[in-house]
Amino acid sequence: MPDRRIFMAVLAAGSSRRFGKADKLTMPFHGKRLGEHVTDNAPLDLIAPGCARVIASRSGHPCEAAWSKAGFTVAINSDAVKGMGTSVALAARLSIKAQCNALLIALADMPLVPRKHFAALISKSLTKGATLCSSDGKARMPPVIFGQDFLPTLVSLNADEGARALLHDAEALACPVEWLIDVDTPEALARFG
């Protein structure tokens, strides 16, 4: 089995434009703030020690204490307004700096991804060494694990598009559609909360 040091980055620097004026990550969802679920569900025992970050657009985010309690350190993306690609690029730079050879990217507005799905991605990544993504049977999406060969590409991503184009050739790990709910609007929050 290859020796893989996995870095985990939770992207939480989005502008929430479709949600309106409120910060969607602070909204109540299943007994806690929406943005706290993904860090609480993360399998940090399978991540390289000290290699868990939340990529946020500002310091002092209301979820920061919970993220810290869950074992994550906040990394500020001062370029977040330019698009998600800047957060992915920052995560890749931090991963390279930490001498990790795989990067697990999750989104803070996907609160229903369970620990067992993260663990399954990591387990498959350890045995295959491939780039892996999640799938609801129709689309490829985060959480995703990129191997070391992709990290330089991620560092130089276009600010607007993120890493979606790189998922085309990734191996997809199917899971129930409800695990991959992305809460982007007040209607989605009301429907799934």
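This is a predicted model: local features need pLDDT of at least 70, side-chain atom pairs count only at pLDDT 80 or more; totals for chains, interfaces and linings use all residues.
Trainee: What is the strand order in the open sheet?

Mentor: The order is β5-β4-β1-β6-β8-β7-β9. That is seven strands, with mixed pairing. From one strand to the next, the twist averages 25°.

Trainee: Why do β5 and β9 stand at the edges?

Mentor: Each has a single partner strand, so one side of β5 (73–76) and one side of β9 (171–174) lack a neighbour in the sheet.

Trainee: What makes β1 and β6 a pair?

Mentor: Pairing needs at least two bridges. Strand β1 (residues 6–12) and strand β6 (residues 102–107) are joined by six bridges, so they pair. The two run parallel. Take Val 10: its bridge partner in β6 is Ala 106.

Trainee: Which helix lies across β1?

Mentor: Helix α3 (residues 84–97) does. It also lies across β4 (52–56), β5 and β6. Its direction is at about 155° to β1.

Trainee: Now Ser 134, in strand β7 (residues 132–135). Why is Ser 134 called buried?

Mentor: Buried means under 20% relative accessible area. Ser 134 has 0% relative accessibility, so it counts as buried.

Trainee: Which residues does Ser 134 touch?

Mentor: Leaving out residues up to four places away in sequence, they include His 117, Leu 121, Met 141, Leu 173 and Leu 180. Pro 143 is also among them.

Technical notes
Residues are numbered from 1 along each chain as its sequence is written. Side-chain values use heavy atoms; hydrogens and water are left out. Helices (H or I, at least four residues) and strands (E, at least two) are DSSP runs, numbered from the N terminus. Axes are lines fitted to C-alpha atoms, for helices over the stretch in contact, and angles run from 0 to 180 degrees between N-to-C directions. Contact means heavy atoms within 4.5 Å. Buried means under 20% relative accessible area, exposed over 50%, partly exposed in between (1.4 Å probe, protein chains only).
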